[in-house]
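Please read the following explanation with the sequence and the model side by side.

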Amino acid sequence: MPTVDLGLAEGLTHSRHAITLSDGKRLILFRLPRIGQPDVPAVIGTHDWIYYAMEAECPHAGGPMADAHIDIEDSSYIASCPWHAYDFNLDTGESSYGVKACTYPVRLEDGRVLLRLPEVGDIRLSAVQAVSEKVEFKHGPREKPVGLSGYLGDEATLCDWCVHILNTSDPEHKIELTTHLFSLFATREQSSTPMSIGAGTVIAPDEPPRQDLREMKPGQMPRAGKGGTLKSRITMLHALANIEQWAIDLAIDICVRFATFQTTPTADSDARSLPRTFYYDWLKVAHDEAKHFSLLRARLEELGSHFGALPVHHGLWESASRTAHDLRARISVIALVHEARGLDVNPATIEKFRLAKDAESVDVMAIIHSDEITHVTTGHRWLTWICRQEGTDPVDVFRTNVQRHFRGAVKGPFNADARQQAGMDRRYYEDLAGLRAGTGEEVIAGG
């Protein structure tokens, strides 16, 4: 068996790392607390940690195992795919659904983490990238936020929580509540008392409130420049932080606003409500957006500024308001136009920070870009699911909704590789324009 050196254990301190090998294979390395398994000699950690490796994509439908939910069952770690909750034993790769994932032995030798592969040949390590899960709280995470934006009781429904978060104007409380809700919902999904959805019991606000921010129209916002100066980089980071705060609300809003959604019945199938995995997926997106906002806010403060120092716009929520009547339209415009545009522009933004030798901002943007591919994937997956139930073509449904509800043209240059990775081939976005095309309006990237 070939052995691949993944590096020093002391350098692999995240709970998850994305591994790319020279033959193109992609794996996920998990670093988890030891739970005492004396009969598993193939996976050996050090001190209080144990390492596991498995294929990066779920063998069921290609879901990203980097975002897997980890549980302990019968003294073994179980990784559940974020898309459809397929569970895999990290020791054996076996699933209760009958499919099996590829897992790989990992051992520690002289302080280095070594991966063993069944393939024959000269296979080397191409890249190791930490999968960030860290949220940068200003004060450190608290068990319960103080003040009016505290936690709800045990009987609160998912929709209760979502409206509560949407009505929270303090961004620090918003990210605390969002990360808590995702953790709470995911944990209770594995229990005998899953959280009630509460569809139709509460009403989402027309627009979430904001705290102490100066609003401007998107076209009137100051230009950030090319990132060569500190002022330019702060302007770029501030604009991105504003987008990420709206993105939290957009992911939360889709859960409550469309909780009563049902697919249109056909001759072959009845109307269907949204499955619980829909809510899990969008809460995961909201959790990621909260993480992104916190990283950008922290970086602004490291550079001597703060969020709120510059004006902001509400352009993303304007798109949300135009699509508040229909889930197909909301996913098409927000996830598959705005968020997909982020995939196009993020590499250029990262390069600006790199040229300015701002490595810390490069690291933040690399995390955001990687996560946003999964967010576009989430939008594509659920639009496709709806279309499958209704017997329609997701490309046609997407293009029709953009033409009806999006303002301006869907302009390139396009990051075709990242879009393809998220499920969007060129049929979706080439030669596509919405309302008032040609007015010079720019597509807001992100969200």
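Over the ring of which residue does the charged end of arginine 31 sit? The charged end of arginine 31 is placed over the ring of tryptophan 49, 3.8 Å from its centre. A charge is said to sit over a ring if NZ of Lys or CZ of Arg is within 6 Å of the ring centre and within 35 degrees of the ring normal. Arginine 210 likewise lies over the face of tryptophan 246, at 3.7 Å from the ring centre.

The model is predicted, so that local features need pLDDT of at least 70 and side-chain atom pairs count only at pLDDT 80 or more, while totals for chains, interfaces and linings use all residues. Residues are numbered from 1 along each chain as its sequence is written, and side-chain values use heavy atoms, with hydrogens and water left out.

Rings also pair with one another. Twelve aromatic pairs are found in a search of the whole structure. Rings of Phe, Tyr and Trp (its six-membered ring) are paired if their centres lie within 6.5 Å; planes under 30 degrees apart count as stacked, over 60 as edge-to-face and the rest as tilted. The ring centres of phenylalanine 278 and tyrosine 279 are 5.3 Å apart and the planes stand at 85 degrees, so this pair is edge-to-face. Both phenylalanine 278 and tyrosine 279 are buried, where buried means under 20% relative accessible area, exposed over 50%, and partly exposed in between (1.4 Å probe, protein chains only). The rings of phenylalanine 293 and phenylalanine 307 have their centres 5.1 Å apart and their planes at 90 degrees, so they too form an edge-to-face pair. Because phenylalanine 293 lies in helix α4 (residues 276–302) and phenylalanine 307 in the loop between α4 and α5 (315–322), the pair ties together parts that are 14 residues apart in sequence. Helices (H or I, at least four residues) and strands (E, at least two) are DSSP runs, numbered from the N terminus. Phenylalanine 293 and phenylalanine 307 are both buried. Ring pairs also join Phe278, Tyr279, Trp282, Trp382 and Trp385 into a cluster.

Charged side chains come next. Side chains of opposite charge can pair when their charged atoms come close. Across the whole structure, a search finds 26 salt bridges, each being a side-chain nitrogen of Lys or Arg within 4 Å of a carboxyl oxygen of Asp or Glu. One of them joins aspartate 281 to arginine 381, with the closest N and O atoms 2.4 Å apart. Aspartate 281 lies in helix α4 and arginine 381 in helix α7, so the pair ties together parts that are 100 residues apart in sequence. Both of these residues, aspartate 281 and arginine 381, are buried.

Another salt bridge links arginine 299 with glutamate 302, the closest N and O atoms being 2.9 Å apart. Both residues belong to helix α4 and are three residues apart, about one turn of the helix. Arginine 299 counts as buried because its relative accessibility is 9%, whereas glutamate 302, at 56%, counts as exposed. A further salt bridge is formed by arginine 328 and glutamate 390, whose closest N and O atoms are 2.5 Å apart. This pair links distant parts of the chain, with arginine 328 in helix α6 (residues 327–355) and glutamate 390 in helix α7, 62 residues apart. Arginine 328 and glutamate 390 are both buried. Through shared partners, salt bridges join Arg233, Arg299, Glu302, Asp358 and Glu360 into one network.

The second largest pocket holds about 930 Å³ of space. On a 1 Å grid over the protein atoms alone, a pocket is an open set of points where a 1.4 Å probe fits, with protein on both sides within 12 Å along at least five of seven lines; lining residues have an atom within 4 Å of a point. Grid points are joined across faces, edges and corners, and the volume is the space filled by probe spheres set on the points. Of the 39 residues lining this pocket, Arg26, Pro64, Ile373, Thr374 and Gln421 are the closest to its centre. The elements that give two or more residues to the lining are β2 (16–21), β3 (26–33), β11 (125–130) and α7 (359–390). Helix α7 gives the most, with 14 residues.
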